[in-house]
Protein chains: 2
Amino acid sequence: MTASPPEPRPGPTPAATGHQNLDPHLDRYAARTKGMTASEIRALFAVASRPEVVSLAGGMPNLAALPLESLSTQMAELISEDGLSALQYGSAHGVPALREQICEVMALEGISAHPDDVVVTVGSQMGLDMVTRLFCDPGDTVIAEGPSYVGALGSFAAYQADVVHVAMDDDGLVPAALAEALSQAEKNGKRVKFLYTIPNFHNPAGVTLAIERRGEILEICRRHDVLVVEDNPYGLLGFDNQTYPALRSTDPDNVVYLGSFSKTFASGLRVGWVLAPHAVREKLVLAAESATLCPPTLNQLVVSRYLSTHDWKGQVKTFCENYRERRDAMLSALEQHMPEGCTWTRPDGGFYVWMTVPEGVDTKAMLPRAVTARVAYASGTGFYADGLGSRQMRLSYCYPTPERIREGVRRLAAVLESEMDLVRTFGSVTARKLSGPQAPSPDTE
Amino acid sequence: MTASPPEPRPGPTPAATGHQNLDPHLDRYAARTKGMTASEIRALFAVASRPEVVSLAGGMPNLAALPLESLSTQMAELISEDGLSALQYGSAHGVPALREQICEVMALEGISAHPDDVVVTVGSQMGLDMVTRLFCDPGDTVIAEGPSYVGALGSFAAYQADVVHVAMDDDGLVPAALAEALSQAEKNGKRVKFLYTIPNFHNPAGVTLAIERRGEILEICRRHDVLVVEDNPYGLLGFDNQTYPALRSTDPDNVVYLGSFSKTFASGLRVGWVLAPHAVREKLVLAAESATLCPPTLNQLVVSRYLSTHDWKGQVKTFCENYRERRDAMLSALEQHMPEGCTWTRPDGGFYVWMTVPEGVDTKAMLPRAVTARVAYASGTGFYADGLGSRQMRLSYCYPTPERIREGVRRLAAVLESEMDLVRTFGSVTARKLSGPQAPSPDTE
């Protein structure tokens with residue numbers, strides 16, 4: 001057969017002939033690209049979007065309660081009245097009026113801040129990326145809860161930082177475990193740059209750092225001369241109208257705070273922010289400028305108008321009610337259907353339940369079988385930088401309706417039952433590389 | 001006097017006492033922050049925004065010709081009809097419909113591309129940052145025109161890449177100089193990762209790469225196994241209805257192409273893109289995901305609607321007419337007012353004129369005197385990574401009215417005249433660190 005191979009892409013590709021399946025740029029990439037792998041959650045988004053699958057995998061906020069008609073009018077007014085500003089470049093620092101409003105939002109959690117020290121970012125993911133850019137050289141260490149937010153682990157990997165996970169329990173990060181990890185890191189000569197923590201309604205663990213632990217965590221970090229990066233996208237989404245004092249509120253000079261409008265307003269606008277100690281803020285603006293020049297002006301003005309003209313706190317309350325109803329649906333369905341030996345966290349806010357399954361079941365290996373049974377979840381391994389988490393999974397209740405959540409949990413329980421049957425009959429279902437004690441995790445009930 | 005010092009910021013700052021003026025985080029920053037310094041242009045933005053100053057410094061597009069009323073209606077419709085998508089997370093890859101339209105835009109410059117290979121970014125600045133993230137380890141070398149885009153130099157510095165500048169003339173990058181620089185770099189054991197080039201209506205040089213040089217540049221890069229990063233924000237802004245074949249159009253496997261809607265539609269939306277060889281594209285999506293999760297969905301849908309419902313090519317034509325009128329105003333004013341010994345480029349598209357002043361005048365040192373005379377420009381040093389450019393300045397004609405441009409040039413000429421008087425009387429006005437031959441630059445007339 002000497003017929004020429006079919007052209008893989010339209011258009012002229014003269015140089016590709018003969019090595020279509022190899023990457024001719026392989027020797028050119030920076031070392032940091034070795035840490036860039038498709039997250040398991042990302043691979044799942046495609047599957048989860050099939051309508052017959054109940055997705056308990058993603059973290060998309062449920063926006064159905066947004067007042068679209070009034071937002072539509074407002075957007076039109078913004079362009080008519082202030083279009084030349086909204087469509088023009090702005091500063092890398094962000095729109096001043098919005099930075100003032102952001103300070104008012106943060107005041108709800110006890111933070112007293114100056115608008116100068118707020119830097120608007122393209123979602124808090126960009127804030128995370130910028131903070132890592134500022135502080136982490138390759139080989140530096142970041143301390144993070146185990147499990148931790150998958151997007152944070154992605155940023156840490158992109159800057160070749162090592163991650164040391166620290167255990168949580170029902171009351172969040174365990175101070176003694178943090179102190180021990182820091183001492184150990186010092187003993188091993190590691191350069192620890194910061195503690196990355198999600199104190200409220202943790203993603204993925206669903207737990208909240210107890211108020212009485214907060215001062216202790218700050219004190220430990222100060223003692224070990226380690227910065228605190230406080231990531232707080234869910235803080236206003238407490239189901240009992242509760243808020244917690246931000247770590248930043250009592251230690252403004254040693255805490256970098258990340259905030260976001262993705263969960264309290266709209267994720268597709270990509271408006272987040274960093275509140276940083278004054279000296280850090282100047283460097284942050286420079287870093288942000290080299291990353292995107294400036295955050296989109298339109299989106300900042302949309303958020304600013306929304307905050308000043310809508311009952312945005314009432315809207316957050318509505319969101320909370322929706323999420324609480326979904327949380328309740330998930331917890332009662334788990335109670336009703338899950339086989340013995342499964343344990344899970346009981347979040348009082350946010351989007352996620354973290355479940356631990358019995359010994360012998362591998363949540364990553366089980367996932368294709370779950371999807372076949374038309375339910376998806378995020379397997380625990382994605383939330384650890386060290387390959388642990390194979391006995392855990394994250395269950396999101398934020399997006400589907402309560403009915404779908406109940407149906408999804410029912411399907412998942414059936415998959416787990418048959419998996420556990422196999423384990424009882426044949427031993428561990430999948431030969432796993434990891435054995436021995438499982439990861440530190442909020443394994444609670 | 002033992003009165004307590006005034007509180008520098010509101011809110012509790014217990015740890016700041018005693019060292020308000022020091023950065024307590026100084027030992028914590030990553031090595032890359034050493035390269036992060038405020039660009040001269042950025043510092044100028046504040047000054048230039050004073051209404052009495054004619055700013056020939058910034059690169060803000062003139063948006064006055066945009067059809068705001070119709071955009072306003074369209075934005076309202078988008079939110080009413082498709083708000084739940086527009087306000088929701090999307091993929092890091094970008095909205096598929098927009099990626100298809102982007103391929104149609106690029107076809108105007110001879111590019112045949114598959115939408116899969118387009119990655120939407122937060123302005124092309126983010127594309128630049130992502131490409132540098134993918135390819136540059138600290139100490140790697142990037143070849144760039146001298147002068148080059150200040151934002152690109154910022155990204156290269158953020159990844160600790162070294163920049164080697166290559167000379168341009170009236171016909172853009174000089175192939176022989178490129179070949180020589182690459183041979184020299186190889187001899188010196190440098191790892192050259194890519195050529196960064198702005199072929200059309202160069203920022204800041206105002207020149208365009210001659211068509212007959214394009215194949216030669218591509219061939220030289222292939223021979224030296226160096227990737228080409230083609231940055232083309234101004235390509236459709238030719239003043240004589242001309243477009244040039246993109247480098248990408250003839251070498252799809254060795255060119256990464258950066259595009260933007262900032263100059264053809266609206267900069268405040270921050271919608272740009274990267275067209276990359278297929279293998280590179282996959283890594284690019286992962287890098288973008290760790291940087292911002294996804295570009296703002298709203299902005300992508302706004303651009304997509306605009307492209308499909310507006311006469312966007314007619315709008316670009318209107319922009320071009322406005323810019324041509326401004327270019328003409330600047331060139332004729334320069335001709336009329338500039339003292340002997342000044343030379344400048346004559347752009348046939350884009351935003352910028354690059355001017356070289358007589359020996360002895362330092363454009364950076366002169367800038368405060370110019371601002372006092374109520375005219376601002378960007379001094380040439382910001383466009384070189386190596387401190388050259390002190391005899392050059394960038395003059396932007398994109399934003400002010402023709403009358404203001406003429407007035408600005410008149411003021412600038414007067415400042416230069418008095419500066420040159422001082423040089424004639426006392427020798428060089430400022431003791432400069434750099435002496436000897438000036439930077440390679442498009443010093444033409």
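# A tour of chains A and B

Select Pro147(B): this residue sits in the loop between strand E3 (141-146) and H5 of chain B. The model is predicted. The peptide bond running from Gly146(B) to Pro147(B) is cis, with omega near 0 degrees.

Now go to chain A and pick Pro147(A), in the loop that separates strand E3 (141-146) from helix H5 (150-158). A cis peptide bond links Gly146(A) to Pro147(A), and its omega is about 0 degrees.

**The interface**

Next, select the residues of each chain that contact the other. Chain B contributes 97 residues and chain A contributes 98. Together the two chains bury about 8,200 Å², and 59% of this area is on carbon and sulfur atoms.

Between the two chains, 51 residue pairs are in polar contact, counting pairs with both residues at pLDDT 80 or more.

To see which helices of chain B take part, colour helix H2 (68-86), helix H4 (123-135), helix H5 (150-158), helix H9 (262-266), helix H10 (278-292) and helix H11 (297-309); each supplies at least two residues of the side that touches chain A. The residues on that side of chain B comprise 50 nonpolar, 26 polar and 21 charged.

**The cores**

Which residues touch the most other members of the largest nonpolar core? They are Met355(A) and Met355(B), in a core of 164 residues. Centre on Met355(A) and show its neighbours: leaving aside residues up to four places away in sequence, Met355(A) touches residues including Leu334(A), Met338(A), Trp344(A), Met393(A), Leu412(A) and Leu416(A). Arg391(A) and Gln392(A) are also among the residues it touches. Another core, of 84 residues, lies apart from the largest one; among its members are Tyr29(A), Ala161(A), Ala288(A) and Leu227(B).

**Two positive phi angles**

Select Arg270(A), in the loop between helix H9 (262-266) and strand E9 (272-275) of chain A. Arg270(A) is not a glycine, yet its phi is positive, about 55 degrees. Is Arg270(A) buried or exposed? Arg270(A) counts as buried because its relative accessibility is 2%.

The last stop is Leu293(B), in the loop between H10 and H11 of chain B. Leu293(B) also is not a glycine and has a positive phi, of about 70 degrees. With a relative accessible area of 23%, Leu293(B) is partly exposed.

Technical notes
Residues numbered from 1 in each chain as written. Chains lettered and ligands numbered in written order. Predicted model: local features only at pLDDT ≥ 70, side-chain atom pairs only at ≥ 80, totals over all residues. Heavy atoms only, no water. Contact = heavy atoms within 4.5 Å. Buried area = accessible area lost by both parts, 1.4 Å probe. Polar contact = N/O pair within 3.5 Å; in protein donor to acceptor, adjacent residues only side chain to side chain. Helix = DSSP H or I, 4+ residues; strand = E, 2+ residues; numbered from the N terminus. Nonpolar A, V, L, I, M, F, W, Y, C, P; charged D, E, K, R; others polar. Core = buried A, V, L, I, M, F, W, Y, C linked by side-chain atoms within 4.5 Å. Buried < 20%, exposed > 50% of the residue type's maximum accessible area, 1.4 Å probe, protein only.
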